[in-house]
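Hi there,

Here is the structure I promised to pass along. Could you open it next to your notes and read on when you have a moment?

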Amino acid sequence: MATKHQDGELLEAQRTRLEPPKLYKVLLLNDDYTPMEFVIVVLQRFFAMDTEQATRIMLKVHNEGRGICGVFPRDIAATKVEQVSAFARQHQHPLACVMEEN
């Protein structure tokens, strides 16, 4: 560690330990109006899933009420939520996308 002298005093550099950023789950919530095919398109377009993986997540949302689309740092998760919400509104679907701390 580096030390410096300033005005006759000894200053020591303190090590700060950086922690990894908190991660957030992005979730889709089930509703009775959004078509299953639209949910699959959302998962493929915004979360880079193949058809099989998107279908699995869509069925989890349908059967369990919610499904995890991915886990991201806060800013990326918030952007994904906004993109999905805007896309759903644009296509007049009430699909809800939320994030919660992992």
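This is a predicted model: local features need pLDDT of at least 70, side-chain atom pairs count only at pLDDT 80 or more; totals for chains, interfaces and linings use all residues.

Let me begin with the helices. Two packed helices are described by the angle between their axes and the distance between the axes. Here, helix H1 covers residues 36-47 and helix H3 covers residues 74-90; their axes come within 11 Å and cross at roughly 140°. That angle makes H1 oblique to H3, because angles over 145 degrees would be needed to count as roughly antiparallel. The crossing of H1 past H3 is right-handed.

Which residues of H1 and H3 meet? On the H1 side they are Phe38, Val41, Val42, Arg45, Phe46 and Phe47, and across from them H3 brings Lys80, Gln83, Val84, Phe87 and Ala88. Sorted by class, this contact has 8 nonpolar residues, 1 polar residue and 2 charged residues.

Now for the sheet. It is open and built from 3 strands in the order S4-S3-S5, with antiparallel pairing. Strands S4 (66-73) and S5 (96-101) are at the edges, and each has a single partner strand, so one side of each has no neighbour in the sheet. From one strand to the next, the twist averages 25°.

One of the details to look for is leucine 29, whose bridge partner in S4 is arginine 66.

Terms used: Residues are numbered from 1 along each chain as its sequence is written. Side-chain values use heavy atoms; hydrogens and water are left out. Axes are lines fitted to C-alpha atoms, for helices over the stretch in contact, and angles run from 0 to 180 degrees between N-to-C directions. Helices (H or I, at least four residues) and strands (E, at least two) are DSSP runs, numbered from the N terminus. Angles under 35 degrees count as roughly parallel, over 145 as roughly antiparallel, 65 to 115 as roughly perpendicular and the rest as oblique. A crossing is left-handed if the near helix is turned anticlockwise from the far one by less than a right angle, and right-handed if clockwise. Contact means heavy atoms within 4.5 Å. Ala, Val, Leu, Ile, Met, Phe, Trp, Tyr, Cys and Pro count as nonpolar, Asp, Glu, Lys and Arg as charged, and the others, Gly among them, as polar. Two strands pair if DSSP finds at least two bridges between them.
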